[in-house]
Structure formats: C-alpha cells, structure tokens
Amino acid sequence: MSGVILRFRIMAIWAGVMSLLLWFGYMPAKYLVPSESFYKSFIWIPILHGFTYPIYLLAALHLAIAQRKSLFSTALFLLSGTLPIASFWIERQVKNGSKL
C-alpha cells in the first residue's frame, strides 16, 4: 500500500504546483499582459499540466480503489486536482491517515 500512497502523494503535489503555475502564472500573463511574446514564453505550463494531470487522475483512482473508498471519497480525490490548494490538502489528509 505504501507504493500507492507514495505515487498519489507525489502526483498530488505535482498537480498542485502545476495548477498554481497555471492559475497564477500563465493565465494572468496571457490575459493581463499585452505582450504576446511574454506569455508565449510560459506556454510549457499548460502543455505540461495537460500531459501530467491524467497521471494524477490514475494515481488518485488507484489509491481510492486500493483503500476501498466510497464513491463520494473517490470523486473528492479526483476533483481535488482541479484546485491547487485542494490537492495539497488531500495529500496531507492521506499522509496523516485521516478518513475522508
């Protein structure tokens, strides 16, 4: 079980960091900075986020199945990757072993 938890924790932190970069780095640069060349230098952020988010979903689903979580908890695990702070929170809950 520890391998499943470790994979989920790594991917939850990764998803949180990438979401923070996407929400507070790339998106403001795209919509608030008039220079197109400036935000194009950050184009790697949404591309990398788009490629790695499905890996987070698989890790979260694997953990939910391995721990025999309810449908609500599984949905909570999967949706927590959409908000940057939520993925950090759920990773901390998994590390502390609290019931969700």
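Me: Which residues have the most contacts inside the largest nonpolar core?
Reply: They are Phe8, Tyr56, Ala60, Leu63, Phe77, Ile90 and Val94, in a core of 13 residues. A nonpolar core here is a set of buried Ala, Val, Leu, Ile, Met, Phe, Trp, Tyr and Cys residues joined through side-chain atoms within 4.5 Å. Buried means under 20% relative accessible area, exposed means over 50%, and partly exposed is in between (1.4 Å probe, protein chains only).

Me: Which helices each supply at least two residues of this core?
Reply: H1, H3 and H5 do. Helices (H or I, at least four residues) and strands (E, at least two) are DSSP runs, numbered from the N terminus.

Me: And what does a second, separate core include?
Reply: That core has six residues, among them Met18, Tyr26, Tyr39 and Ile45.

Me: Before we go on, where does the model come from?
Reply: It is a predicted model, where local features need pLDDT of at least 70, side-chain atom pairs count only at pLDDT 80 or more, and totals for chains, interfaces and linings use all residues. Residues are numbered from 1 along each chain as its sequence is written, and side-chain values use heavy atoms, with hydrogens and water left out.

Me: Back to the core, then. What does Ile90 touch?
Reply: Setting aside residues up to four places away in sequence, Ile90 touches Phe8, Tyr56, Leu76, Phe77, Ser80 and Leu100. Contact means heavy atoms within 4.5 Å.

Me: Which residues form the aromatic cluster?
Reply: Phe8, Tyr53, Tyr56 and Phe77 form one, and the structure holds five aromatic pairs. Rings of Phe, Tyr and Trp (its six-membered ring) pair if their centres lie within 6.5 Å; planes under 30 degrees apart count as stacked, over 60 as edge-to-face and the rest as tilted.

Me: Zooming out, how many helices and strands does the protein have?
Reply: There are five helices and zero strands. The C-alpha atoms fill a box of roughly 50 × 20 × 20 Å along the principal axes, and 33% of the 100 residues count as buried.

Me: What span should H1 have?
Reply: H1 covers residues 2–32, so at 1.5 Å a residue its 31 residues should span 45 Å, and its end C-alpha atoms, 43 Å apart, agree with that. The expected span is 1.5 Å times one less than the number of residues.

Me: Where is the kink in H1 centred?
Reply: On Leu22, with a kink of about 35 degrees. The bend at a residue is the angle between axes fitted to the seven residues ending there and the seven starting there. Leu22 is also one of the buried residues of H1, along with others including Phe8 and Met18.

Me: What do the buried residues of H1 pack against?
Reply: They pack against H2 (36–40), H3 (44–66), H4 (71–79) and H5 (84–96). Those of H5 pack against H1, H3 and H4.

Me: New topic: is Arg68 buried or exposed?
Reply: Arg68 counts as exposed because its relative accessibility is 77%. It is found in the loop between H3 and H4, and its phi is near 55 degrees, a positive value in a residue other than glycine.

Me: Last one: what is Phe38 in contact with?
Reply: Leaving aside neighbours within four places in sequence, Phe38 is in contact with Ala29 and Val33. Phe38 is found in helix H2, and with a relative accessible area of 39% it is partly exposed.
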